[in-house]
Amino acid sequence: MKDTVLLHIDTRCSQAVVHSQIIFYILVVGDVNIEELRKHAVEITIDHERSHPDLKVSKNCKIVRDSPDYNHTGEGFPYELCASGAQTFTSGRHYWEVELGRENTPPKNYWLIGVVKEGYFAVRDRSVLTPWSGYWFLCSDGPNGFHTNTDPPVKLSLTPRPERLGVLLDYDDGQLSFYNVKERKHLLTISTRFSGPVVPLFNPGVGDVGGLIILDCPETVESAEESSQPLLERNNTSDA
């Protein structure tokens with residue numbers, strides 16, 4: 001039996017739709033506390049060895065984009081141009097942010113961001129890239145809009161276009177959530193059941209001026225205050 005997939009989408013209406021044993025919950029979602037999310041921030045880098053050969057990866061493994069030598073046929077989104085993160089997750093909460101538009105540069109039109117089972121690699125056939133096959137992601141396909149890879153896919157209208165995307169993987173609760181960091185809005189949560197190790201998944205698409213940039217999240221205010229305390233004082237506080 002297929003896993004149940006729950007989608008929580010930022011919208012102005014509330015409804016539930018049942019289709020082929022898959023339940024979509026469309027809920028009203030308010031502003032989010034980005035600082036709270038950043039308490040779960042982890043450093044993410046790209047595994048250069050497991051990236052598509054037609055991708056260019058920066059030396060620090062934080063930026064990925066399509067190679068100028070890649071011959072895109074123009075037949076839809078290039079799902080094969082995927083890179084996986086070097087970090088593997090089997091439990092806990094993990095948060096990272098991806099820059100989708102630099103200053104004075106329009107936001108990227110083409111990208112795919114999510115997680116994938118370790119050892120899996122994207123293929124050209126979109127029909128293979130489903131949660132049942134070990135892929136969970138949100139995709140921006142230019143004029144074709146935003147969509148999930150669920151079965152059936154869910155199309156989203158995201159306005160304004162995200163310039164910085166936050167991703168929260170809650171492995172134990174089986175949830176993958178996406179946030180518009182600049183607008184401080186929750187966009188989408190895909191709920192399922194993870195089994196085995198998963199890694200971050202990135203695809204920069206083709207044709208955009210800039211690439212995908214994995215950011216180092218700013219230190220939260222609470223963490224900064226705590227780190228400034230003397231070690232003995234912090235130990236006394238925890239003992240109390």
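Modeller: The open sheet has six strands in the order 6-15-8-9-10-11, and their pairing is antiparallel. Here helices (H or I, at least four residues) and strands (E, at least two) are DSSP runs, numbered from the N terminus, and two strands pair if DSSP finds at least two bridges between them. In general, strands of a sheet pair through backbone hydrogen bonds, either parallel or antiparallel. The edges of the sheet are strand 6 (83-84) and strand 11 (155-156), each of which pairs on one side only.

The model is predicted, so local features need pLDDT of at least 70 and side-chain atom pairs count only at pLDDT 80 or more, whereas totals for chains, interfaces and linings use all residues. Residues are numbered from 1 along each chain as its sequence is written, and side-chain values use heavy atoms, with hydrogens and water left out.

Within the sheet, strand 8 (residues 110-117) and strand 9 (residues 135-141) are joined in the antiparallel sense by seven bridges. In this pairing, I113 stands opposite L138 of strand 9.

Strand 9 also holds S140. This serine counts as buried because its relative accessibility is 0%; buried means under 20% relative accessible area, exposed over 50%, and partly exposed in between (1.4 Å probe, protein chains only). Leaving aside neighbours within four places in sequence, S140 is in contact with F77, N109, Y110, W111, G145, F146 and R161, where contact means heavy atoms within 4.5 Å. With one of these residues, R161, the side chain of S140 also makes a polar contact of 2.6 Å. A polar contact is a pair of N or O atoms within 3.5 Å; within protein, one must be able to donate a hydrogen and the other to accept it, and residues adjacent in sequence count only if both atoms are side-chain atoms.

R50 is placed in the loop between helix 1 and strand 4. The C-alpha atoms of R50 and G85 are 8.6 Å apart in space, although 35 residues separate the two in sequence. R50 counts as partly exposed because its relative accessible area is 28%, and its side chain makes a polar contact of 2.7 Å with the side chain of D47.

A disulfide is a covalent bond between the sulfur atoms of two cysteines. With a disulfide taken as a pair of cysteine sulfur atoms within 2.5 Å, the count is zero.

The charged pairs come next. A salt bridge is a side-chain nitrogen of Lys or Arg within 4 Å of a carboxyl oxygen of Asp or Glu, and by this rule there are 13 salt bridges. One of them joins the side chains of R38 and E97, at 2.9 Å from N to O. R38 lies in the loop between helix 1 (34-37) and strand 4 (55-57) and E97 in strand 7 (residues 93-99), so this pair ties together parts that are 59 residues apart in sequence. Both R38 and E97 are buried.

Another salt bridge links R93 and D170, whose closest N and O atoms are 2.9 Å apart. R93 belongs to strand 7 and D170 to strand 12 (residues 164-170), so the pair ties together parts that are 77 residues apart in sequence. R93 is partly exposed, at 44% relative accessibility, whereas D170 is buried, at 6%. Salt bridges that share partners also join R38, E97, E99 and R164 into one network.

A further salt bridge is formed by the side chains of R65 and D66, at 3.3 Å from N to O. R65 is partly exposed, with a relative accessible area of 24%, while D66 is buried, with 12%.

Finally, the chain as a whole may be described. It contains three helices and 16 strands, and buried residues make up 48% of its 240 residues. Of the contacts in the chain with a separation of 6 or more, 65% are between residues 24 or more positions apart.
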